[in-house]
Amino acid sequence: MNRVTKRTWMMAIFVALLLGGMAFFAGEYALKADRWVVATGSPHVYNNSNLGNGTVVDRDGVVLLDVSGNRAYSDNAETRASTMHWLGDRNGRIQAKAVANYAAILAGYDKVNGLYNYAGETGVESLTISAAVQNAALRALNGRKGTVGIYNYKTGEILCAVTSPTYDPDNVPDIAGDTSGKYEGVYLNRFLQSTYVPGSIFKIVTTAAALECVPDIESRTFTCTGSYEYGTEAVTCERAHGTLDLKGALAHSCNCSFAQIAQLVGRKNMEKYVAKYGITDTVSFDGVTSAKGNYDIKDTGGASFAWSCIGQHSDLINPARFMTFVGTIAAGGKGVEPYLVSDVTRGEETLYTASGKSTGRIMSEATAKKLQQYLRNNVRTIYGDGNFPGLSVCAKSGTSQLGGGQKSNAMFAGFVMDEAYPLAFIVVVENGGYGSATCVPILSQVLPICKAALDSRN
Ligand SMILES: [Zn+2]
């Protein structure tokens, strides 16, 4: 009797283990099968850890990459260089994670049927970027390191996300042997993976916070003598700006005024609004996630706290995230997050269609409207509307000091306030010097191409 009970128990344990194992496998299969099939090394989907099946096209149907046979990039060398950081290279040094996010769908995989053979008919993955815009931006950067990001703040479509330096994947230069430094960080997608000291583009954040939490902020004035002192430390301007209101302080990018505005906003509110606006958050789309920014005022004194509100101190922003922030201002305080892949099709069949994810409301509509007016005033009175014919551009420049004798980074962020051209942008040129002097000419070359890209759809 005793022995029989023992055997029964043993059997029960084995059966339980078997069933448990099967349940575990079924669960894992249900949850992870699509990840297994696209795991790096899966020969159906990848070659050299990049997409290995189907065709990738730009927003106008221009073929950027054909991997139905051998891996073939665009026949235009400039397009190959300007889009490679999204498509991946031949050696797997640059991984096309966003594009490869749809590799399983593109390869004809589904959970029930597994990998399907569509009798040679491969899928087409359409990106939101325009090869013409990418090329214009790369040409405008002209070998300088940095990024140009532009997206439609109503739909979320990224029209431009260029990173420089880059190279032609069909004509790979001797990167390892280069001593000039021009390929430094070449494998990095600066739009997505880099963070930068924002400099004065961060004044948009401080202005927004001031509008939201200092009730009489618009009726106040600030005096700039060229230096605003805190004991032995000081916040300085390149010249004395005299007396300015909030709008004027932003237009003239007056550090001394912003030191006073920072005091009115206060530390708690700066932390609160930086968090509410998502300035240091990551941005995620198509299976990729951007680098995280930084805003840390824990150990700041009066002057260093003021500098943190001017985009210096230890502030860091990611270009994709900051572009989304200014786009949200343009959209009235509640916007759409950017994305790169618009759809995946096979023949007549649509296998995937993107939809822009809402940012949620990050600021009141009144604050957003006021910022639109202020940033519009910047371009009208300081940067010059003549640089952007036919477009109502709203923007703020930044010249972020890096210390250590390095030339400043040039920054420019803003948006177009036209119904037909809902574009938000960020331009970064590393060691580019003055923000407006360096970035305005770049943007003035790229925006007309964006305009044409949108017109061709209308
Ligand atoms: Zn000043």
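1. Asp418 deserves a close look in this predicted model: once its neighbours within four places in sequence are left aside, Asp418 is in contact with Tyr153, Gly390, Leu391 and Ser392. The residue lies in the loop between β22 (409–416) and β23 (423–429). Asp418 is buried and yet has no salt bridge, and the nearest side chain of opposite charge, that of Arg376, is 7.4 Å away. Since a salt bridge requires the nitrogen and the carboxyl oxygen to lie within 4 Å, Asp418 is left without such a partner.

2. The charged pairs come next, and a search of the whole structure finds 13 salt bridges. In one of them, the side chains of Asp168 and Arg80 meet with an N to O distance of 2.7 Å. This pair links distant parts of the chain, for Asp168 is in the loop between β10 and α6 while Arg80 is in helix α2 (residues 77–87), and the two are 88 residues apart. Asp168 counts as buried because its relative accessibility is 13%, and Arg80 counts as buried because its relative accessibility is 12%.

3. Another salt bridge is formed by Glu218 with Lys370, whose closest N and O atoms are 3.0 Å apart.

4. Glu337 is in the loop between β17 (334–336) and β18 (341–346), whereas Arg321 is in helix α12, 16 residues apart in the chain. Glu337 is buried, with a relative accessible area of 11%, and Arg321 counts as buried at 8% relative accessibility. Elsewhere, salt bridges that share partners join Arg80, Arg90, Asp168 and Asp170 into one network.

5. A cis peptide bond joins Ser164 and Pro165, with omega at about 10°, and Pro165 has its place in the loop between β10 (158–164) and α6 (190–193). Ser253, although not a glycine, has a positive phi of about 50°; this serine is found in the loop between α8 (246–251) and α9 (255–265), and counts as buried at 18% relative accessibility. His313 also has a positive phi of about 50° without being a glycine; this histidine is found in the loop between α11 (302–308) and α12 (319–330), and is partly exposed, with a relative accessible area of 38%.

6. Leu19 lies in helix α1 (residues 2–37), and is exposed, with a relative accessible area of 51%.

7. As for the chain overall, there are 14 helices and 23 strands, and of its 458 residues 55% count as buried. Among contacts between residues at least 6 apart in sequence, 67% join residues at least 24 apart. The chain exposes about 19700 Å², of which carbon and sulfur atoms supply 51%.

Definitions and conventions. Residues numbered from 1 in each chain as written. Predicted model: local features only at pLDDT ≥ 70, side-chain atom pairs only at ≥ 80, totals over all residues. Heavy atoms only, no water. Helix = DSSP H or I, 4+ residues; strand = E, 2+ residues; numbered from the N terminus. Buried < 20%, exposed > 50% of the residue type's maximum accessible area, 1.4 Å probe, protein only. Contact = heavy atoms within 4.5 Å. Areas by Shrake-Rupley, 256 points an atom, 1.4 Å probe, with all protein chains shown as cover. Lys, Arg positive; Asp, Glu negative; His and termini not counted.
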